[in-house]
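Q: Hi! Could you walk me through this one while I have it open on my screen?

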Amino acid sequence: MSYAHTEVAQIAAISSNRCIGKNNELPWHISADLQHFKSMTTKENDSKIQGIVIMGRKTFESMGSKPLPKRVSFIVTTQMDYAETKGLADSNNAYVVHNLDDALTQAASLAHGAHLDTIWVIGGERVFSDALMYTDRIELTHVNTDIADGDAFYPELPERFKVADESEQMHDEKSDLSFKFTTYTVETDKQ
């Protein structure tokens with residue numbers, strides 16, 4: 001599907017019941033998953049920009065309302081004065097946009113200039129859902145737990161996404177949770 005010749009990928013950690021958030025926080029803390037997220041969304045290069053992420057306002061606020069290091073953040077919100085109220089109006093590593101199309105268009109343009117081949121959609125629920133139609137690849141960390149009182153969920157994957165790669169089951173000692181990394185790609189018709 002690609003957006004202007006740039007791969008659009010999603011990355012999330014989800015529970016067995018597809019939960020991705022609770023009270024605007026991750027429902028768990030798994031160091032290996034956070035390292036995985038960082039390594040996937042950051043590409044070492046000579047450019048100041050080593051990654052581009054698109055997220056909703058609540059996701060941005062859940063990360064302390066600060067852009068991720070070495071990455072440019074596009075924050076999607078309907079709040080027209082959000083850039084001013086959060087002090088982002090003059091930021092060169094965080095841009096506030098008011099719809100997903102603008103985020104994807106601007107991110108693709110920036111990615112091209114920075115020689116990055118992937119734009120990362122990192123949440124939350126609505127941004128993931130809205131971006132599925134543009135998404136080429138999905139990186140999910142499947143966390144082996146049910147979150148009964150979660151309030152943000154990852155959408156059901158459309159049938160066109162198939163498992164392309166899967167890690168071994170791993171175990172996080174601190175949280176006592178098992179998890180694995182799974183890559184989904186769009187299956188193209190092989191004729």
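**Around Gln-50**

A: Happy to, and keep in mind that this is a predicted model. Let's start with Gln-50: leaving out residues up to four places away in sequence, Gln-50 touches Thr-41, Thr-42, Lys-43, Glu-44, Asn-45, Lys-70 and Leu-116.

Q: Thanks! Where does Gln-50 lie?

A: Gln-50 lies in a loop, the one between helix H1 (31-41) and S3.

Q: And is Gln-50 buried or exposed?

A: Gln-50 has a relative accessible area of 9%, so it counts as buried, the cut-off being under 20%.

Q: What about Lys-58, buried or exposed?

A: Lys-58 is exposed, with a relative accessible area of 53%. Lys-58 is found in helix H2, which spans residues 57-62.

Q: How far apart are Lys-58 and Ile-14 in space?

A: They are 17 Å apart, C-alpha to C-alpha, and 44 residues apart in sequence.

Q: Switching to the strands now. How many residues of S4 are buried?

A: Five of its five residues, so S4 is mostly covered.

Q: Which way do the S4 residues point?

A: Val-72, Phe-74 and Val-76 point one way from S4, while Ser-73 and Ile-75 point the other way.

Q: In what sense do S3 and S4 pair?

A: S3 and S4 pair in the parallel sense, over five bridges. As one example, Gly-56 has Val-76 in S4 as its bridge partner. Between these strands the chain passes through H2, and this β-α-β crossover from S3 to S4 is right-handed.

Q: What about S4 and strand S5, how many bridges there?

A: Four bridges, also in the parallel sense, with S5 covering residues 94-97. There, Ile-75 has Val-96 in S5 as its bridge partner.

Q: Okay, on to the core. How many residues are in the largest nonpolar core?

A: That core has 32 residues, and those with the most contacts inside it are Ile-52, Ile-54, Phe-74 and Tyr-154. The elements giving two or more residues to this core include strand S1 (7-15), strand S3 (52-56), strand S4 (72-76) and helix H4 (100-113). H4 provides the largest share, six residues.

Q: Which residues is Tyr-154 in contact with?

A: Setting aside neighbours within four places in sequence, Tyr-154 is in contact with Gln-10, Ala-12, Ile-14, Arg-18, Ile-20, Phe-128, Leu-132, Ile-138 and Leu-140.

Q: And which residues does the second core include?

A: That separate core has 15 residues, including Val-53, Leu-88, Ala-94 and Val-96.

How values were computed
Residues numbered from 1 in each chain as written. Predicted model: local features only at pLDDT ≥ 70, side-chain atom pairs only at ≥ 80, totals over all residues. Heavy atoms only, no water. Core = buried A, V, L, I, M, F, W, Y, C linked by side-chain atoms within 4.5 Å. Buried < 20%, exposed > 50% of the residue type's maximum accessible area, 1.4 Å probe, protein only. Contact = heavy atoms within 4.5 Å. Pairing = 2+ DSSP bridges. Right-handed = clockwise from strand over helix to strand, strands pointing away.
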